[in-house]
Every structure is written in structure tokens, then in C-alpha cells.
Amino acid sequence: MDNFRNMALPNTSLLLFLLQLCAIAWQAWAVVDLRMEDTVEVYMDESAEIPCLYTFTEKPVMVMVQWFVREREGNRVRISYSDLTMQKVDEDTSYSDRISVQPNSDGETLIIQDVKLSDEREFFCQVSGLAAGNGEGRTLLKVFDPPEPPVVEGVLSGVSVSSDSPAKIASCETRDGFPKPNITWYRDHIPIHPANGLVNVVTLVTRESSGLYTVQSDLHYKVTKEDKDAHFSCEVSYFVPAAVRTSESKGINITVHYPTSSVEIWKESPEGLVKEGDTVEIRCQGDGNPPAPIIFNREQSDVELDSYHGLLVLKEVSRADSDVYECHSLDLDAVNHDVVDTLQLTVHYLDPAVVMPKDSEIMLKGESLTATCNALSSLETTTVWFKEGIEVGRGHIMQLQDATFDTAGQYDCEVTVPSLPGLLTSGSIHIIVQGAPQMKDAEREIELTEKVGGWLNLSCEVRGFPRPAITWSITGSQSWREVVKRETEEQVHSVVMLKVTTDIVAICNSTNDFGIETKTYNIRSIPFSQTPTARKTSVDNSGVIIVVIIVSILLLAILGSVFYFLYKKGKLPCGRSGKQEITKEKTSKDDIVVEMKAKKTEESVLLKGVNGEKKPLNDQNNILSS
């Protein structure tokens with residue numbers, strides 16, 4: 001009947017009207033098969049294709065196809081027409097410049113460009129084959145536009161667990177979506193469902209002027225302390241062509257305010273054991289949020305100690321600071337107002353070392369001594385004894401047996417705490433060993449030989465306490481003097497230099513309050529004519545050389561005298577001319593010169609000693625006499 005109503009009735013020709021009635025009657029048994037999809041889904045701003053497929057049971061003489069769209073008011077408006085002779089898009093419609101019709105073998109397709117949200121409506125395809133039959137189909141065009149990713153924000157001020165009803169903790173928003181998207185809340189990836197008195201979700205939907213939807217969801221939640229570590233997020237679900245998609249926001253952690261239920265106290269520094277002189281930092285922290293004020297005191301005292309933001313600093317502690325320290329939370333919202341924790345602080349110490357005997361101790365040679373070194377400590381100690389930087393013993397007791405002069409000296413004891421390297425103390429004792437003088441050399445009588453006129457150095461080095469006094473007793477030499485004398489607390493070193501003129505006995509006498517010790521030098525003098533001992537070989541060889549030189553000079557002098565005598569007697573083969581007189585006179589002068597030189601040479605040789613030094617004349621006479 002719709003087809004009938006859409007046909008124009010002729011007013012001028014009854015025959016035409018009858019023909020139309022005949023066509024309608026023919027359609028009663030003529031059939032057209034028309035197929036269209038119920039819905040076509042498309043993204044906004046893309047192109048939509050709506051197919052219209054049809055077949056006839058009888059081949060039509062002519063086929064007319066018309067496309068209609070239903071307006072918002074409900075009426076239909078044609079937007080396209082086609083038949084065997086033409087195909088046109090109706091003018092003055094909202095689709096005039098955005099649609100086209102694409103024919104194909106079994107129908108045609110309506111193509112809509114740049115789809116808008118307003119295009120979501122019904123489209124009709126009407127096919128007329130006249131006597132071959134008529135048909136009409138419809139397709140609903142659905143338009144989709146995905147929303148923006150959701151944005152979640154938490155309440156900046158924080159939420160208290162003491163609230164009686166659910167409080168807003170977060171907000172989630174997604175913008176510009178079509179159709180309207182949905183928001184779901186999650187806690188640690190577990191969906192949150194509304195619950196009376198616990199969870200409430202308030203959703204606000206806004207239709208923008210563009211036709212897109214903005215959805216805002218507020219989560220009202222009754223928080224507990226356990227929610228302080230939870231992450232809340234929201235998920236947006238939205239429709240797309242032939243599917244449903246989701247987009248999840250980032251997770252946020254909300255600030256939960258809850259009262260203090262416990263506090264913890266600990267020593268922050270130094271690490272390990274504490275010793276006197278250290279600076280100790282003790283920290284205390286409660287589990288409430290926001291943190292409640294903290295105060296410190298000693299266990300047996302109600303006096304509040306100075307602290308800052310939960311940190312107690314004790315500078316240069318001593319053993320008197322050893323105690324039990326308490327920290328308290330001043331949280332008025334806490335169920336238990338007396339929230340406290342304690343810390344036992346032990347300050348370890350090491351007192352100065354006490355050495356017995358004190359300062360110095362005098363011993364006699366051969367005696368024994370027991371020295372102790374102790375230091376009071378809160379921990380186990382170790383003691384080491386040193387003498388001149390060399391370890392001589394371990395333990396707080398040192399035994400000195402059968403004392404000698406080598407035993408004397410300063411002994412240092414060092415007390416340490418192995419478990420706390422910073423603790424160290426030391427003490428010392430000075431040992432003095434008294435006894436009779438003791439020669440450094442074991443030989444008490446020494447035999448020496450030296451040529452006459454030689455010089456010797458005699459040494460005498462003695463130990464003893466009190467420091468010995470050294471005197472020399474020398475017989476046989478008048479020329480001697482002490483050239484070296486060095487003294488220490490317990491040692492004396494004396495050196496004398498003497499001249500050997502005859503056999504000498506030199507005695508070094510060392511004495512103190514405890515006895516006497518002597519050392520004797522027996523020196524045998526050797527004349528030049530005698531062979532010296534092996535020890536004086538180098539000196540005696542030089543003497544032999546001098547004697548040989550003197551004898552040679554004497555022989556030359558005698559030979560010169562003989563030559564001169566023969567010359568004077570005329571025994572030499574020389575001429576007697578006038579020149580001989582002149583030569584004779586000259587020769588006489590030369591003879592005088594030769595004699596002077598010979599005498600000078602002799603004197604020069606005689607004046608030199610063994611080491612090339614001039615000696616007194618009496619020493620020379622002694623040498624010549626030998």
C-alpha cells in the first residue's frame with residue numbers, strides 16, 4: 001500500500017490509471033527479492049558503504065531505485081534516484097555533496113563520505129520493476145568515535161581512616177567519545193563494585209556541542225590503613241565497529257591518614273659497638289601518617305631530652321650515658337596514647353693503663369722482676385710489651401729474669417680491645433740495672449808492640465750503673481793525652497793517645513759504687529834496627545827505605561870526595577892550558593856547591609820522620625843512633 005500511496009494518480013487520462021491498476025494487479029504474483037544489512041558500523045570521518053541487492057522473478061522492462069533517509073522528526077527524505085536512463089543525487093539535502101551510488105551486477109551501493117555523528121539514522125532503498133515487482137529495505141547506520149584515554153587524579157589532601165562514611169579519593173575522566181563510554185574502578189587490578197557504606201561511584205555524563213560524550217566518575221571509598229600501599233586506577237570501555245575496546249589509566253597511590261599504633265627506635269650511628277668519645281645518633285619513628293611528634297627520655301627519668309624530628313644526638317658520650325632510652329609518640333588520635341619503644345645503649349670504655357712498678361725500677365745484675373700492665377675495660381683486652389719498638393712479650397704480666405745491663409731500658413705496654421679497635425691505652429716502665437763496671441771487650445790484658453817514636457790510640461769502653469768513672473795509669477810514657485770521652489747514663493768511652501819512647505804499661509781503671517774493672521795494655525817498644533811485629537810491617541818497611549837512602553847518599557859523598565882529591569893531585573887526564581886555570585877555579589867553586597848540596601840533602605833526609613813529618617832534633621838523633 002505504501003507503494004500505491006507513493007504513485008501519482010492521473011487526472012487527465014483514465015486509461016493511464018487503468019494501466020497502473022493492471023500493473024498493481026500484476027505485482028500480486030510478480031516477486032522481487034531485495035536484501036540489505038540491518039546495520040552498518042563506521043568510524044566518524046570515514047566513508048560508509050550501504051549495499052542494496054535485489055533480484056526479480058520476472059525480468060523487468062525498467063528498474064527504478066530510490067534512496068531515502070529518515071529525518072529526526074520521523075519523515076523520510078529522498079536523497080538519490082536512478083533508472084535505465086539516468087542516475088542523480090537530489091539537491092538541497094544534507095547529503096547532496098557527500099553521497100554517491102555505485103551500481104553493480106546485483107544491485108547498487110550507497111557511499112557516504114566524511115560520516116558525521118548526525119548520520120547515525122535509517123537509510124531506505126526502494127526498488128521498482130513496474131510489472132516485475134517492487135521492494136524496499138532499510139539499514140541503520142551506526143557511527144563510532146573512540147574517546148580519549150582516561151585521566152585519573154587522586155585527592156591531594158589525603159583521606160583519613162577515621163571518616164564515618166566513604167570519602168572521595170579519586171576522579172576519572174574520559175573525553176570526546178561516541179557512543180557514551182563507561183568507566184570502571186579498580187584497586188590493585190581488582191574491580192571495585194558499589195557497596196553500601198563502603199563504596200560509592202558518582203558518574204557525570206556531558207554531551208558536548210559536537211555531539212561527543214565526556215564522562216567523569218568520582219570514587220567515594222572508605223579507606224583503611226591497608227590502602228596506603230594500594231594502587232587505584234580506572235578503565236574506560238567503549239564501542240567500535242564490531243567490537244568493544246578498553247583503555248586503562250595509570251595507577252595512583254592515595255594518601256591515607258591513620259593514627260600511630262607503634263613506634264620503633266634504633267641506633268643510626270655509629271655502626272657496631274659504641275666507645276667513649278663517640279657521637280651517637282638515635283632515631284625513632286612511628287607508623288602513623290602524618291608522622292606524630294616524637295619525644296625521648298631515659299627509662300628512669302621523665303625529663304625530656306632534646307631531639308629534632310625524631311633524632312636524638314648524644315655528643316662525646318661517656319660510660320655515664322649507658323642507659324635504656326625510650327621514645328614516645330604524641331599522637332592524640334591513637335587508640336593507645338602510650339605508644340613507646342626502648343633501646344639499650346652501652347658505652348664501652350678503656351681506662352688508662354696502670355703499670356707496676358711505677359715509672360722506673362732499679363735492679364741489681366742477676367735479679368728478676370715481675371712487671372704488670374692493666375687497664376680497666378668493659379670488654380676483653382689484649383696487652384703487648386715493646387722495647388725500642390720491638391715486641392718483647394704478650395699478656396699483662398712481663399717477667400725479667402737474671403738481669404744484665406742489656407735488660408735496662410724503657411718498656412712500653414700497649415692495651416687494646418680486639419672487638420673495638422678504637423680503644424687503646426699505653427703505659428711504660430724504665431728499668432735501671434745496677435752493677436759493677438763491665439768492659440765492652442772480654443779481653444782484659446792486651447799485648448802490643450810499637451816502634452820507638454810511634455803514636456798509639458788506646459780505647460776503654462765500660463758499662464755500669466751508676467755510671468763508672470775512668471782513670472788511666474800510664475808508666476813508661478810522658479807524652480799522652482785523652483782525646484775522646486763519651487758518656488751516657490750507663491756507659492763511658494775513653495780514648496788516650498800516647499807516644500812510644502820505651503816499654504809502656506797503660507791501665508784503664510773503671511770504678512763505681514759496686515766495684516772496679518781494669519783493662520791493661522802492655523806495649524813493647526821496638527828500635528829501628530829490629531824487625532817489627534807483623535802488625536807494624538807497613539811502618540817498619542818505610543824505615544828500611546830511609547836507611548837505604550841515607551847509606552846511598554853517604555856513598556855518593558865519599559865517591560865525590562875521592563874524585564875531588566884525585567883531581568887536586570892531578571891524577572885525572574886533563575890539559576894544562578890557560579883555560580885549565582879558569583876551569584880549576586870554577587871547579588873549586590863547583591866543589592863547594594856540591595858539598596853544600598850533599599850536606600843539604602843529607603840534612604833534608606834526616607829531618608823527615610816515618611810519615612814524612614818533621615820531627616824534633618832529639619828524635620832525629622835517636623833515629624841516627626839506632
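Is Glu487 buried, partly exposed or exposed? I looked it up: at 43% relative accessibility, Glu487 counts as partly exposed. For this I took buried as under 20% relative accessible area, exposed as over 50%, and partly exposed as in between, with a 1.4 Å probe and protein chains only.

**Ground rules**

I am working from a predicted model, in which local features need pLDDT of at least 70 and side-chain atom pairs count only at pLDDT 80 or more, while totals for chains, interfaces and linings use all residues. Residues are numbered from 1 along each chain as its sequence is written, and side-chain values use heavy atoms, with hydrogens and water left out.

**Overall make-up**

I noted five helices and 43 strands in the protein chain. These are DSSP runs numbered from the N terminus, with helices being H or I of at least four residues and strands being E of at least two. Of the 626 residues in the protein chain, 37% are buried. I then looked at contacts, meaning heavy atoms within 4.5 Å. Among those between residues at least 6 apart in sequence, 62% join residues at least 24 apart.

**Salt bridges**

I searched the whole structure and found 28 salt bridges. The criterion is a side-chain nitrogen of Lys or Arg within 4 Å of a carboxyl oxygen of Asp or Glu.

I started with Glu122 and Arg138, whose side chains meet at 1.9 Å, N to O. Glu122 is buried, at 18% relative accessible area, whereas Arg138 is partly exposed, at 37%. I also recorded that Arg70 is linked with Glu122 and Arg138 in a network of salt bridges.

Glu487, from my opening entry, forms a salt bridge with Arg467 (3.6 Å, N to O). This pair links distant parts of the chain, 20 residues apart: Arg467 is in the loop between β38 (455-465) and β39 (469-475), and Glu487 is in strand β40 (residues 480-487). Arg467 is partly exposed as well, at 39% relative accessibility.

I also checked Lys228 and Asp229, whose side chains form a salt bridge of 2.9 Å, N to O. Lys228 counts as partly exposed at 27% relative accessibility, and Asp229 as exposed at 54%.

**Aromatic pairs**

I counted five aromatic pairs in the structure. Rings of Phe, Tyr and Trp (its six-membered ring) pair if their centres lie within 6.5 Å, and planes under 30 degrees apart count as stacked, over 60 as edge-to-face and the rest as tilted.

Phe178 is in the loop between β13 (167-177) and β14 (182-187), and Tyr213 is in strand β17 (residues 213-221), so the pair ties together parts 35 residues apart in sequence. Both Phe178 and Tyr213 are buried.

Trp472 and Tyr521 are also stacked, at 6.4 Å centre to centre and 25° between the planes. Trp472 is in strand β39 and Tyr521 in strand β43 (residues 515-526), so this pair ties together parts 49 residues apart in sequence. Trp472 is buried at 13% relative accessibility, and Tyr521 is buried at 6%.

**Charges over rings**

My test was NZ of Lys or CZ of Arg within 6 Å of the ring centre and within 35 degrees of the ring normal. Arg76 lies over the face of Phe68, 5.2 Å from the ring centre. Arg319 lies over the face of Tyr349, 3.7 Å from the ring centre.

**Nonpolar core**

Which residues have the most contacts inside the largest nonpolar core? I found Tyr54, Trp67, Leu110, Ile112, Phe123 and Val127, in a core of 31 residues. Such a core is a set of buried Ala, Val, Leu, Ile, Met, Phe, Trp, Tyr and Cys residues joined through side-chain atoms within 4.5 Å. The strands that each supply at least two residues of this core include β3 (48-56), β4 (64-70), β8 (107-112), β9 and β10. β3 gives the most, with five residues.

Not counting residues up to four places away in sequence, I listed the residues that Tyr54 touches, among them Val32, Leu34, Val63, Val65 and Val127.
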